[in-house]
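Reader: Could you take me through how the parts of this protein model meet, one step after another?

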Amino acid sequence: MNPPQEQATLSGTTGSATAPTIKIFVGGRWVDSTAKTTGEVRNPATNELLARVPMGGADDVDRAVKAALAAYPAWRATPPVNRVRPMFRFRELLEKNFDDIARIVTREHGKTLDESRSSVRRAVDNVELACGIPSLMQGLGLEDIATGIDSQFFRQPMGVFAAITPFNFPAMVPMWFLPHAIACGNTFLVKPSERVPLSQMRMFELLHEAGFPDGVVNLVHGAKEAVDAILDHPGIAGVSFVGSSPVAQYIYRRGAEKGKRVQALGGAKNFVLVMPDADLNRAAQVSTESCFGCAGERCLANSVVLAVGDAYEAMRTRLVDEAKKIRVGDGSEPGVTMGPVITAAHREKVLGYIEKGIAEGATLALDGRGYRDAKRPEGYYLGPTIFTDVKPDMVIAKEEIFGPVLCVMKANTFDEAVEIVKRHELGNASSIFTSSGKFAREYRWRVEPSMLGVNIGVAAPMAFFPFGGAKGSFYGDLKAHGRDAIEFYTDKKVTITRWF
Ligand code: NAD
């Protein structure tokens, strides 16, 4: 097995071997970006400079779109059964390179290897789903809508689609979109987060090796300038976005103004409601894993425990005890259960929230600010932090912290807890821990977050179910993966026929 950096620098790099400048993938070739500036990709566990990423703009995007438009007619005309053949090969290559990809994810993002492996598995799930496109893409028909007149609809691809993705799942999130879009007959471009572009470099090497025709998949790099170029490009039919809510809202508005289909998945503040009748030991253990997994940088993290009545006291101590078991460190080391946060700047931002919580009067029941890794003093580490006595109107309860900080809040009754959850403007996911089917059902019925766990910490829908939140966590109508993906990446052509 090759070390991850060698893998990551196989095709798409120039410059020094230690911190190469990565390339873009356009029309089946790795080419230099025309960007004038580069950003840095660093290993959050060590602060080591891994690569330089070109901060591309309209020129790179235009080259990628032209390649995708040129590839589209032949790809669209390729029968679906033939379109999925390279997809099956891609799936095999992902299995063969599974651990290499997971190591690249850990190296550029910082999460533990186990967490990286789980995320790569979810990426493979999506590729497997897309392999079924000849069945999934079928339309419907009805004979004799009037005497002698038949009607049917076909799902047809629409052209070039793009995905703009966040830093926290570098290998997985682009695979929520790309496999389904291209299996439907579209061509595609990905703009990964400029903070973690290396996993996608490897994925694109494998896509190329799998034999997709030149121009079907393209990769560009950059940040706002590249994103704006994607939103404004007349050659792009639709955009899938995942990231923070303010950017999601911006993407949705600007993309729609330019006549594009847009699905924009935003940020999260997920509540876990714990009823007194729950298995409190399990609830504490699972909530701790949910909150501190991926160092809290997960859109499905349960970052607020809302305990009802007597459950509050019991959960408070149990959560602190559980969190103390977490072993912080370099995610590539065995036994480590929580890695660093993504950048030094993000560490400062999370520290700022902890200061804010103290100033607002919450009780700091576990303080992770002092954590230092003696072997890696440059890493962006924080220990797990828990606030108790948190009130719904505190900033730490309202804003997405996206770090290893858990807020514990009390509600006197189930109804009061439901109202607190409903008042929050984000509605990505939520969980309830209870042994009562009645409360579980009532909770599902009444709250808005559209990914819901019952006695589950991370309510993550699988590839064959739709993924996405509600309210300020989601802008659009069709969600990611599942059948929604087929709807998003196709238009329905209805034909009404009479033969004389
Ligand atoms: P981000 O919004 O900063 O960046 C996401 C993407 O948008 C990146 O590709 C980035 O280059 C681009 N971008 C950033 N600022 C921009 C701007 N002003 N204009 C145009 N484009 C811009 O998000 P992030 O920090 O990379 O990721 C973390 C966020 O993503 C969290 O809020 C998290 O909850 C969210 N997220 C949501 C889901 C979900 O399913 N809803 C999944 C994963 C992550």
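Reader: How many residue pairs are in polar contact between domain 1 and domain 2?

Author: This is a predicted model, in which local features need pLDDT of at least 70 and side-chain atom pairs count only at pLDDT 80 or more, while totals for chains, interfaces and linings use all residues. Residues are numbered from 1 along each chain as its sequence is written, and side-chain values use heavy atoms, with hydrogens and water left out. A polar contact is a pair of N or O atoms within 3.5 Å, where within protein one must be able to donate a hydrogen and the other to accept it, and residues adjacent in sequence count only if both atoms are side-chain atoms. Between the two domains, with both residues at pLDDT 80 or more, the count of such pairs is eleven.

Reader: Which helix gives the most to the side of domain 1 that touches domain 2?

Author: Helices (DSSP runs of H or I, at least four residues) are numbered from the N terminus. Two elements give two or more residues to this side, namely helix H5 (113-130) and helix H4 (98-109). The one that gives the most, with three residues, is H4.

Reader: What area do domain 1 and domain 2 bury between them?

Author: Buried area is the accessible area (1.4 Å probe) that two parts lose on being put together, summed over both. Of the area here, 59% is on carbon and sulfur atoms, and the total is about 1900 Å².
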